[in-house]
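Here are a few friendly notes to read alongside the model.

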Amino acid sequence: MWGKREVNDGKEDRRVVVKRVYRASDDDDRLSTSSNVTAVQNRALLEADCVRISLGRKLLADFFSYAKEMDVAIFTAIEFTPAYLATEKSIQVTRAPSVASDLESFDSSGDGITWLVEDKRAAAVIQFTSTLNHKARGTDLQTLTIHSFAHYVFGATNGTLVMADIQGTPATVRGNDGLILFDIMTHTPDGGSGLGDFGMDGIESFVNSHQCNQLCKRLEFDEVFPLELAADVLGPDVTDGSEGGITGDDNSAFSGDDQA
Ligand SMILES: [Zn+2]
């Protein structure tokens with residue numbers, strides 16, 4: 001789904017990874033070497049990626065505060081990858097779009113392809129949840145914390161947001177051996193949060209497969225954030241013709257600038 005390139009940004013030894021979207025879904029022709037995603041679609045999807053990262057970072061900070069207030073020890077050396085968008089521009093030194101961009105020319109405003117830029121990560125990836133399966137595969141504090149965080153996200157957003165495909169790489173976080181989260185997918189009632197959003201099916205998959213661990217219990221999530229679908233996000237009400245529930249046209253939680 002992603003096209004990635006590793007580049008050196010010219011500063012010190014910092015290595016970054018840039019990526020763009022090549023296929024909008026896994027169902028697309030895997031044998032095709034060229035992208036079927038336009039530059040505009042690519043940018044919109046990458047912007048959605050940045051918004052997800054910003055939202056995740058905010059919710060993670062809230063979760064840490066919540067656990068602190070409850071005096072429950074959790075694994076706190078976790079953070080979301082720093083990320084920003086970079087768009088190729090038609091300036092003197094680059095008269096043509098990069099070969100990697102797969103574009104033949106810049107658009108009328110001089111823009112080429114947009115890339116999502118992230119720090120280069122360790123090769124090792126720890127997968128905590130998949131798109132539709134949110135069961136825990138371990139019992140260490142880091143794993144318990146991630147799954148408990150997933151429950152917090154569901155609860156704190158009144159069941160309107162589920163984080164899926166939670167994965168990370170081992171890294172130093174605030175001086176400790178920790179975890180950098182990246183490429184997180186989300187499920188939202190209207191399915192509009194970007195690639196991999198399965199809408200209500202995705203939200204239901206969390207309700208059905210998340211199993212509360214001891215951290216969830218100590219944080220009293222079973223009482224504060226019960227695992228049930230909120231009545232008002234169950235979908236469009238056929239009688240009023242609205243888009244239904246909390247989502248509707250209110251995408252305020254998903255608006256944001258390019259900086260994540
Ligand atoms: Zn739980």
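1. Confidence first: the protein chain has a mean pLDDT of 83, with 78% of its residues at 70 or more (pLDDT is the predictor's confidence in each residue, from 0 to 100). This is a predicted model, in which local features need pLDDT of at least 70 and side-chain atom pairs count only at pLDDT 80 or more, while totals for chains, interfaces and linings use all residues. Residues are numbered from 1 along each chain as its sequence is written, and side-chain values use heavy atoms, leaving out hydrogens and water.

2. Where pLDDT is low, the predicted coordinates should not be read in detail.

3. Helix α1 covers residues 39-69 (helices are DSSP runs of H or I, at least four residues, numbered from the N terminus). Its 31 residues should span 45 Å at 1.5 Å a residue, and its end C-alpha atoms are 45 Å apart, which agrees (the expected span is 1.5 Å times one less than the number of residues). After α1 comes D71, with a positive phi near 60 degrees.

4. How do α1 and α2 pack? Their angle is about 105 degrees and their axes are 10 Å apart (axes are lines fitted to C-alpha atoms over the stretch in contact, and angles run from 0 to 180 degrees between N-to-C directions). That makes α1 roughly perpendicular to α2 (65 to 115 degrees).

Key: Helix = DSSP H or I, 4+ residues; strand = E, 2+ residues; numbered from the N terminus. Parallel < 35°, antiparallel > 145°, perpendicular 65-115°, else oblique.
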